[in-house]
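Trainee: I have a model open and would like to go through it with you. Can we take it feature by feature?

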Amino acid sequence: MVELLAYWYCNQEASIIWINSRSGTFYIANGTRQGGVLSPDLFTRYIRPVLLTVSNSRVGCTVADTVINILAYADDIVLLALSWRALQHLISVLEACCTQLDLTCNTKKTVFMVFAPCNKSRIVSDIFPNFVLCGQPLQFVSEFRYLGHIISNQHKDDTDIAREIRCMYTRVNMLIRKFHKCSTEVKIRLFRAYCVCTVPHYGRILLLKA
């Protein structure tokens with residue numbers, strides 16, 4: 001089965017259909033097909049050992065006697081820890097597991113954020129050394145967009161709320177421009193469908209404050 005899959009993915013060809021024309025075939029050199037039935041299962045074979053290895057390290061944040069140190073949505077992974085040393089340990093565990101599975105961590109898209117305690121008397125330090133992943137120092141940020149939401153280290157949702165308001169204005173203006181001749185009932189239905197965001201795009205995100 002492994003040899004069959006290896007041959008299959010090493011000899012993939014594709015072509016593009018545009019109206020009634022088809023392009024010549026070309027080879028797909030790497031990766032699984034996005035949207036393919038087999039792709040999620042093959043991806044799970046790789047990502048599950050990574051998640052289990054980090055989770056079983058028992059280093060991270062504790063919520064109701066449960067250690068939570070990694071959150072994942074497909075290949076978008078978040079590591080959680082209470083100290084610099086603990087987080088660097090999780091990074092090392094993640095890197096070692098990825099190396100064993102022949103996976104590569106994208107250091108250019110990896111950033112880190114420090115959430116200061118709400119009680120300022122518990123702040124130990126405001127300056128931390130850079131984390132290192134695959135021999136590369138990683139960038140600290142004060143806010144980051146994850147799964148469509150802007151997460152800030154100030155424990156506030158102001159930036160994300162402002163972004164959502166701008167998006168709503170854009171959608172409303174689009175409806176006004178394209179459907180101004182429709183009835184009020186139709187406009188209300190369109191507004192509820194496209195402008196009122198009752199559920200976040202990618203589901204709910206749990207923010208753990210360290």
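**Salt bridges, helices and loops**

D160, R163 and E164 are joined in a network of salt bridges, a salt bridge being a side-chain nitrogen of Lys or Arg within 4 Å of a carboxyl oxygen of Asp or Glu. This is a predicted model, where local features need pLDDT of at least 70, side-chain atom pairs count only at pLDDT 80 or more, and totals for chains, interfaces and linings use all residues. Residues are numbered from 1 along each chain as its sequence is written, and side-chain values use heavy atoms, with hydrogens and water left out.

Trainee: How far apart are the closest N and O atoms of D160 and R163?

Mentor: Start with the sequence. D160 and R163 are three residues apart in helix 4, so about one helical turn separates them. Helices (H or I, at least four residues) and strands (E, at least two) are DSSP runs, numbered from the N terminus. The closest N and O atoms of the D160 and R163 salt bridge are apart by 3.0 Å.

Trainee: Which residue forms a salt bridge with R163 at 3.2 Å, and is that residue buried or exposed?

Mentor: Side chains of opposite charge can pair when their charged atoms come close. At 3.2 Å between the closest N and O atoms, the partner of R163 is E164. Buried means under 20% relative accessible area, exposed over 50%, partly exposed in between (1.4 Å probe, protein chains only). R163 is buried, and E164 is likewise buried.

Trainee: Where does the salt bridge of D41 and R45 lie?

Mentor: D41 pairs with R45, with 3.8 Å between the closest N and O atoms. D41 is partly exposed because its relative accessibility is 38%. R45 has a relative accessible area of 60%, so R45 is exposed.

Trainee: How many salt bridges does the structure hold?

Mentor: One is the pair D41 and R45. D160 with R163 is another, and E164 also bridges to R163. The structure holds three.

Trainee: At which residue is helix 2 kinked?

Mentor: Helix 2 covers residues 39-55, which is 17 residues. From first C-alpha to last it reaches 24 Å, close to the 24 Å expected at 1.5 Å a residue; the expected span is 1.5 Å times one less than the number of residues. The bend at a residue is the angle between axes fitted to the seven residues ending there and the seven starting there. A kink of about 30° comes shortly before the proline P49, at R45.

Trainee: What do the buried residues of helix 2 pack against?

Mentor: The buried residues are S39, L42, I47, V50 and V54. Contact means heavy atoms within 4.5 Å. Their packing partners are helix 1 (2-10), strand 7 (70-73), strand 8 (76-79) and helix 3 (84-100).

Trainee: Which element gives the most to the nonpolar patch?

Mentor: The patch consists of I161, I165, M168, Y169, F191 and V196, with about 510 Å² of accessible area together. Patches are made of residues with over 30% relative accessible area and no salt bridge: like charges are joined within 9 Å, nonpolar side chains (Val, Leu, Ile, Met, Phe, Trp, Tyr) within 5 Å. Areas come from the Shrake-Rupley method with a 1.4 Å probe; for residues, only the protein chains shown count as cover. With four residues, the element that gives the most is helix 4 (residues 158-178).

Trainee: Why does I161 count as partly exposed?

Mentor: I161 sits in helix 4. I161 is partly exposed because its relative accessible area is 47%.

Trainee: What is the phi of I19?

Mentor: I19 lies in the loop between strand 2 (17-18) and strand 3 (21-22). I19 counts as exposed because its relative accessibility is 67%. I19 is not a glycine, yet its phi is positive, about 60°.

Trainee: Where is R58 found?

Mentor: R58 also has a positive phi of about 60° and is not a glycine. R58 is exposed, since its relative accessible area is 56%. R58 is in the loop between helix 2 and strand 5 (61-63).

Trainee: How far apart in space are F131 and H89, C-alpha to C-alpha?

Mentor: F131 lies in the loop between strand 9 (111-112) and strand 10 (132-133). F131 counts as buried because its relative accessibility is 4%. Beyond four places away in sequence, F131 touches residues including W84, L87, Q88 and I91. F131 and H89 are 42 residues apart in sequence, and their C-alpha distance is 10.0 Å.
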